[in-house]
Amino acid sequence: MSLLFKNLRIHQIFGANTDVGKTILASGLVRASAAKKNKVFYLKPVSTGPIRHADDEHVRRYAGPHKDLVTAQCLYRFDEPVSPHLAASMAAEKKGAHCVVVPTDDEFVTSVACYIRNCASAITERSHMYIETAGGVHSPTLSGTTQLDSYRPLFLPSILIGDSRLGGISSTISAYESLLLRGYIVDSILLFKDEYYRNWEYLGRYFAEHGVKVTAVEHLPPRDTDPSRNVLVTEEYYSQLASDNDTGLLGVVEHLEERHEERIRELHSMARRTLDTVWWPFVQHGLIKNEGDVNVIDSAWGDHFTVFTGHKSPSPSWAPVRGSLLQPQFDGSASWWTQALGHAHPVLTLAAARAAGRYGHVMYPQATHAPALRLAERLVHDGPGKGWASRAFISDNGSTGMEIALKMALRVASKRFGLAPQERKKMGVLGLRGSYHGDTIGSMDACEEGVYTCEWHEAKGYWFEPPSVGIKNGRAIIKLPSAVMHENVEGEPLSWIYNVGARLDTPLAAAYRTHINVTLQKLASSGAPPFGALVLEPLVLGAGGMVFVDPLFQRVLVDAARARGLPVVFDEVFAGLWRLGVPSAAPLLGAFPDVSVHAKILTGGLVPLAVTLASDDVFRAFEGTSKAEALLHGHSYTAYAVGCEVANETLDQLERLARGETWKAARAAWQQADGEKRCDETDEDKGVWSMWSPKFIDTLSKLDVIDQAMTLGTVLAFKVRGNDTGYQSHSAQALLSALGDATGEAGRNVTSAPGGAHFTINFRTLGDVAYLMTSLNTPPATIRAVEDRILALLGR
């Protein structure tokens, strides 16, 4: 991940194109830094072409009178003077693939990061480092990935070398925007002066409006035919660049130092400023003791945050004396369950830019635009609405989506039951104890009284205590409410528990039916207000404690509601779209809803958006000739084009993942661990599997400190054993607090985090329940590393 050192200022050098003078200007910067008595490191990660023409050799040759302060290094060297990916391929063809090992993107980034850390650990005085890339910003690295994406995990401040030639204004601005779209910090732009094209004049004015310093320097004189004379001319040129005058680079070096110091000062100040100004969600501010309790996030990439540690006093025990002020931190809650493809995924950021550039935001009533229409069509016809939904209502977040769903369902019920206006106001919902549907008032009213409710909350309905599924001592167990049965069900494989169709005629199903029907009959005879809908979080109650509900109970409850004419609402804000290993819970349950709500994963974790799907019967309940009969719900950013475009791109990526080898391998591992196949595991809509390994879950469930564990898809949850139970307990937080310490991985000098640095784990708890969550594309190596950390902490 990103590296930031107090005494080592690092800048990465990108070019607007090839042959724009990167190496010449990099050599000038190295020499100027050394002239200021700084130790200087120059790194050319990949060099192609003859060694005598290598850029690191050029830097070393013209380091000047302070060359003893300069270290120049190259990590990967190839003979052919072509693009790195092609040079590597040609070398493999020439020498044999067994002789030329082309590093993966992760290996490449880790090698660069390790070099940086080694340099930082060897210095005691202020030093500078320049890392020169190859070609233009999108030139491929050794793997074929473009440089901007390959280097992005390092997130190093950058210098852009502009193009002084004809067309260079356009290429320079385009390169800058490409850097910006991926979040890079561009501290300076350098280019040569060309008195004919004078690009520096236009670019200076243009980038002044963007707060970026532009510096133009004279060209290196043409190569002299006399080699000795050429060396002297070139040496004089670099001497001028490093001199203390207006035409040199000393001012640029000073500017880069100032930007480095400003960044550190900004990060240092953020914790205090946050405590003075911000009101956090779901945080008791009275428990925040000092600035060290604030998690200062500098950037994020993939499954990790990059967090600042320089404000923590005393310094963390794991922080090296001359270590980076930034450390990777595994995002263990998938940023409140939103992440699908990892942070800052370039495909999603480009989708957002594409829609922002085309639409900005446009109002939606009685209108349409391509991103929203495409999203609605694919969710209704090919997504979770396939087979039952006819309409999609696009809003902005899960809680709002649920408000819309409740309005839809209650309107249907009021018409279906012929309720008078005063009776409609009394309608409640059926649901499960521990449900959570959002923080807006209407969504809260669809839940029982609890820690999430507020002064205006008025619980409207009845909530059944749900039977839960877990793994205890390596065996699956269904914990049953005493009202259903006094003995739990143990020993059945998970594939059987989630084969709902095969269980519908079992004694347990009969017991569920009896319990539900008797309860509803008692409620009816007691004169309770009428029910207008069944509202469920399918399979897992998220914020209610990560309770994995027996799917058979939910299916029987759906059948009972349908028999009474109640619309069924599935709240799949958290659980939908592969979060639990299936695209939707409906096929697994064997029952479609009348209304369903989808958010979080929908946009890959980049922007907020929600979609409420509805059946045709629900849609027709709002049809009429009076506007008062319409669904009068909306907000300014309904069907936000940026969100819709990102959602479409996310769904495209999820389809690719669903067909990929990583998921296939995970499914196979769980199928093997589950033993006898008792349902058709080839059906991806119904198969039970997890990104977390079955061996890990088995081991975790047998630990003395764990009451039970459970996993589906990307979600891992385990309950801490003890007397301190419930949401207000701190037992899980206390037990796992050491995950906040950065440690390595057994037998490895580098870790699975981008760049190989030791990483911490950011996690959230729900009282006595701990949970962790991956993205849908989290590398297996990262998950195995997190598993090992958990087992090491809890006592294998």
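Phe282, Trp336, Val451 and Tyr727 make a nonpolar surface patch of about 350 Å². The model is a predicted one. Val451, one of the patch residues, sits in the loop between helix H15 (441-445) and strand E13 (461-464). Its relative accessibility is 45%. Val451 therefore counts as partly exposed, since exposed residues have over 50% and buried residues under 20%.

Strand E22 spans residues 610-615. This strand is mostly covered, with 6 of its 6 residues buried. In a regular strand, side chains alternate between the two faces of the sheet. Both faces of E22 are covered. Ala610, Thr612 and Ala614 lie on one side, and these residues are buried. Val611, Leu613 and Ser615 lie on the other, and they are buried too.

E22 pairs with two strands, E11 and E21. Strand E11 (residues 389-395) pairs with E22 in the antiparallel sense, over 6 bridges. Here Ala392 stands opposite Leu613 of E22. Strand E21 (residues 595-598) also runs antiparallel to E22, and 4 bridges join the two. Within this pairing, Val597 has Thr612 of E22 as its bridge partner.

Ser615 belongs to strand E22. At 9% relative accessibility, Ser615 counts as buried, because the cut-off for burial is under 20%. Beyond residues up to four places away in sequence, Ser615 touches Trp388, Ala389, Ser390 and Asp594.

Trp388 is also among the contacts of Pro593. Pro593 is placed in the loop between helix H20 (585-589) and E21. Its relative accessibility is 4%, so Pro593 counts as buried. With residues up to four places away in sequence left out, Pro593 touches Trp388, Arg562, Val568, Phe570 and Ala586. Met485 is 108 residues from Pro593 along the chain. The C-alpha atoms of these two residues are separated by 28 Å.

Helix H22 covers residues 641-658. Of its 18 residues, 15 are buried, so H22 is largely enclosed by the rest of the structure. At 1.5 Å a residue, the helix should span 26 Å. The end C-alpha atoms of H22 are 26 Å apart, which agrees with that expectation.

Note on methods. Residues numbered from 1 in each chain as written. Predicted model: local features only at pLDDT ≥ 70, side-chain atom pairs only at ≥ 80, totals over all residues. Heavy atoms only, no water. Buried < 20%, exposed > 50% of the residue type's maximum accessible area, 1.4 Å probe, protein only. Pairing = 2+ DSSP bridges. Contact = heavy atoms within 4.5 Å. Patch = residues over 30% accessible without salt bridge, like charges linked within 9 Å, V, L, I, M, F, W, Y side chains within 5 Å. Areas by Shrake-Rupley, 256 points an atom, 1.4 Å probe, with all protein chains shown as cover. Salt bridge = Lys/Arg side-chain N within 4 Å of Asp/Glu carboxyl O. Expected span 1.5 Å × (residues − 1).
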